[in-house]
Amino acid sequence: MIARLVIFGGTGDLSGRYLLPGLAALRAAGRLDDGFGVVCADRKDRDAADFAGWVEAQLDRHAGEVPADARNAIIAAARFRRADIGDPGTVAAAVAGDGPVAVYLALPPALFPTAVQTLDQVGLPPGSTIVLEKPFGEDLTSAMELNRLLADLVPEEAVFRVDHFLAMTTVQNLLGSRLSNRVLEPIWNSAHIARIEIVWEETLTLEGRAGYYDQVGALEDMVQNHLLQLLCLIAMEPPITLSERDLRDRKVDVLRTLRPLTDAEIPRRTRRGRYTAGTIGARRVPSYIDEDGVDPRHRTETFAEIELTLDNWRWSGTRFVLRSGKALAADRKEVAVHFRPVPYLPFGRYGSAQPNVLRFGLDPETMTLALTAIGGDGESLVPLTLSAQTQPPELPAYGRLLLDVLNGNPALSLRGDEAEEAWRVVDPVISAWSRDLVPLDEYPAGSAGPGPRVSEADPDGDPAERP
């Protein structure tokens with residue numbers, strides 16, 4: 001296990017909100033030894049007392065449920081180093097030490113190439129790993145170039161292109177439920193499933209993230225990585241094992257079979273929108289373009305929806321709808337599997353039955369199945385819902401992610417070709433939106449979003465046959 005972690009951007013939001021609390025959770029679970037050390041490196045200098053106070057405040061705020069002795073252990077293990085990622089001297093000082101080191105780039109993605117080049121110039125000890133947050137690149141070309149730079153620095157198995165969604169227990173439960181239950185896998189195909197919706201809708205607005213979010217928008221922030229990763233787990237063929245090679249090979253297979261949308265299809269199979277002023281609950285929300293740090297000239301979308309199809313035997317004829325939006329009326333974070341209606345219903349006088357829907361709740365962690373049954377009067381069909389609460393995770397997502405990084409297990413991170421294939425799917429949509437082939441609709445904060453949903457048109461038809 002690697003015993004040293006260096007976080008560049010170490011006093012930023014990602015470090016304080018997720019990485020340091022993740023380390024505290026690992027310590028509380030007995031997964032970190034006493035000799036573990038973490039260096040938080042950043043451009044702005046801080047004295048030791050100020051830094052220790054900052055770490056303590058972050059852990060109190062974001063890891064208050066972790067026992068105090070585990071939090072105190074992380075405070076004692078953490079050190080600050082002033083470092084400029086473009087300055088080899090300060091970077092070398094930050095990563096210096098005995099044995100391999102895990103280097104976490106908690107930086108704006110635009111700085112990744114510079115960071116990797118500087119680390120290559122400095123050199124890392126054998127056995128070291130490097131971690132990059134999403135988005136990985138800005139398009140297919142930049143992702144390929146970043147992969148080339150990384151290949152000069154460390155072996156592919158030492159590169160962690162992390163997506164914390166993959167470390168969520170609820171996300172892993174998609175595979176667990178599907179592959180361990182015989183009742184599901186035989187019907188997990190287009191003959192029985194009409195469409196699958198992968199949704200991350202939230203009432204949250206920017207929450208101070210304008211500096212990052214206004215550069216990317218909903219499509220790149222959520223759909224290109226998180227939601228496409230969920231699609232891979234849902235649609236992949238059963239892997240032989242859950243080792244990094246078997247699991248990631250099957251995910252790449254899915255991405256390769258996704259049919260890129262053409263300019264003619266994109267106006268019919270994608271939507272984008274941006275919220276205007278409105279009310280969410282009792283909270284008055286300003287228009288997106290009036291949020292602090294937003295440049296209206298960017299025409300950044302806060303709502304994105306894209307409908308995709310797979311060109312393979314299992315899924316030909318099933319539609320996959322990926323949707324994410326901010327400042328909406330309600331939180332909805334789930335995967336909804338919509339089965340096709342039964343071919344014949346011999347209950348003429350009882351009414352009609354709605355198709356079954358299996359829902360995997362991502363936050364909160366739930367599972368529900370919508371069925372139909374005979375009502376108590378014996379003369380009507382009524383909906384019946386079976387629901388269950390899944391077990392809470394032992395570790396938070398970033399705790400599990402960091403554990404894999406320190407143990408050198410990249411199974412839940414993206415491989416280089418996987419990152420490139422994801423951009424191949426999304427690049428045509430980004431290009432079409434930049435040329436205004438799809439209007440940037442507006443929707444009031446606190447509403448259901450812009451216009452009719454893609455999935456509401458022709459709900460059970462073959463997308464290839466739509467006019």
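Helices H1 and H3 cross in the right-handed sense in this predicted model. The contact between them draws on Leu 20, Leu 23, Ala 24, Arg 27 and Ala 28 from H1, and on Ala 70, Ala 73 and Ile 74 from H3. Sorted by class, the residues of this contact comprise seven nonpolar, no polar and one charged.

**Geometry of the helix pair**
- Helix H1, which covers residues 13-28, packs with helix H3, which covers residues 68-77, at an angle of about 125 degrees, and their axes are 8 Å apart.
- H1 and H3 are therefore oblique to each other, because angles over 145 degrees count as roughly antiparallel and those from 65 to 115 degrees as roughly perpendicular.

**The sheet and its helix**
- An open sheet with mixed pairing is built from seven strands, which follow the order E3-E2-E1-E4-E5-E6-E17.
- Strand E3 (78-82) and strand E17 (413-414) are the edge strands, each of them pairing on one side only.
- Helix H6, residues 140-153, packs on the sheet and touches both strand E5 (129-132) and strand E6 (159-162), while the direction of H6 makes about 160 degrees with that of E5.
- Within the sheet, strand E1 (residues 4-8) pairs with strand E4 (residues 102-105) in the parallel sense, over four bridges, and Phe 8 stands opposite Leu 105 in E4.

**The annotated span**
- An unreviewed UniProt entry lists residues 6-173 as "domain: Glucose-6-phosphate dehydrogenase NAD-binding".
- In the model, residues 6-173 are 47% helix and 15% strand, and the end C-alpha atoms of this span lie 31 Å apart.

How values were computed:
Residues are numbered from 1 along each chain as its sequence is written. This is a predicted model: local features need pLDDT of at least 70, side-chain atom pairs count only at pLDDT 80 or more; totals for chains, interfaces and linings use all residues. Side-chain values use heavy atoms; hydrogens and water are left out. UniProt positions are given in the numbering used here, feature names are shortened, and annotations may be inferred rather than shown by experiment. Helices (H or I, at least four residues) and strands (E, at least two) are DSSP runs, numbered from the N terminus. Two strands pair if DSSP finds at least two bridges between them. Contact means heavy atoms within 4.5 Å. Axes are lines fitted to C-alpha atoms, for helices over the stretch in contact, and angles run from 0 to 180 degrees between N-to-C directions. Angles under 35 degrees count as roughly parallel, over 145 as roughly antiparallel, 65 to 115 as roughly perpendicular and the rest as oblique. A crossing is left-handed if the near helix is turned anticlockwise from the far one by less than a right angle, and right-handed if clockwise. Ala, Val, Leu, Ile, Met, Phe, Trp, Tyr, Cys and Pro count as nonpolar, Asp, Glu, Lys and Arg as charged, and the others, Gly among them, as polar.
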